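Here is a short briefing on one structure. Look at the sequence and the model first, then read on.

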Amino acid sequence: MRFIIVTGMSGAGKSTALKSLEDMGYFCVDNFPVALLDRFVALSIDNNFENDKIAIGVDIRNGEGLGVLSHYLNKLREDKFNYEILYLDASNKSLVKRYKETRREHPLARGQSLEDGINEERNRIDFLKQSADYTIDTSRLLTRELKAEIVKIFSNDKDYTNMIVTIMSFGYKFGIPQDADFVFDVRFLPNPYYEESLRRKTGNDKEVQDYVLSTDSGPEFIDKLSDMMSFVTKEFVEHEDRHQLVIAIGCTGGRHRSVTVANGLYQKMSQLPYSVRIFHRDIANDTYVKGEN
């Protein structure tokens, strides 16, 4: 039997996670009452229970009942009942944005600000994050990307590593990404901006890629960067409690050189046993000012 407890911050994607598990054949129950946990577990291990894959959603909506959850979880461990905890997290900034967009009320925001409610929730469920088997930060994940992560974790893929690597291209004139763990400047590479036929194309176009990588420096840089970041990511996975790594590649405008190099790095790192995604932050910016790209 596989028994999953899905928990985490309100607005971080628990409903999406449960729906994905349901699509994978799990018997799912959302907003599960903690007081019924021991009886539900007893029922689930009964020979008459048809499904051997179960997922329950437990969150702050349990109110005071959440305070005794730790007791129940410890008892299950003592009884040799195996369960896994999936914790969905997101930054305060992302959660505030999501609540404002949906116009929903946070469970703890009554009588106080939205951000105060989020902070209170974070403190009250931190013990679950500390006990989690899997933690996914959904701050920058699209719904389909979160679903893909759920499939990777719970599809019995033994090569899955609880690490999401984001490779991001950006333009320096629009600012360095604040959430970047590593920033690399590729403005030393040939600049397609000064070629009229390439100026309005991007690093997703083969003509631009060929131009940027026309010297030995480009391919060599991508190879060396891939080797280094593969090593660094492996070390973070093995020695640090890290679940997300952001690698930012910058040129002046974020349309040509940075996009080309980010794409090349993505192709190489996608072969590794991590969840790797790519994001071109400034590629859609249509500012064409002479000498600024």
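Which residue lies over the face of Tyr193? Arg199 does, at 4.3 Å from the ring centre.

This is a predicted model: local features need pLDDT of at least 70, side-chain atom pairs count only at pLDDT 80 or more, and totals for chains, interfaces and linings use all residues. Residues are numbered from 1 along each chain as its sequence is written, and side-chain values use heavy atoms, with hydrogens and water left out.

**Charges over rings**
- A charge sits over a ring if NZ of Lys or CZ of Arg is within 6 Å of the ring centre and within 35 degrees of the ring normal.
- Arg77 lies over the face of Tyr83, at 3.9 Å from the ring centre.

**Aromatic pairs**
- The whole structure holds 10 aromatic pairs. Rings of Phe, Tyr and Trp (its six-membered ring) pair if their centres lie within 6.5 Å; planes under 30 degrees apart count as stacked, over 60 as edge-to-face and the rest as tilted.
- Tyr193 and Tyr194 pair edge-to-face, 5.3 Å centre to centre, with 90 degrees between the planes.
- Tyr193 is buried, at 1% relative accessible area. Tyr194 is partly exposed, at 48%. Buried means under 20%, exposed over 50%, partly exposed in between (1.4 Å probe, protein chains only).
- Ring pairs also link Phe3, Phe27, Phe32, Phe40 and Phe81 into a cluster.

**The sheet**
- Four strands form an open, parallel sheet in the order 7-8-6-9. Strands (E, at least two residues) are DSSP runs, numbered from the N terminus. Two strands pair if DSSP finds at least two bridges between them.
- Strand 7 (182-185) and strand 9 (275-280) are the edges.
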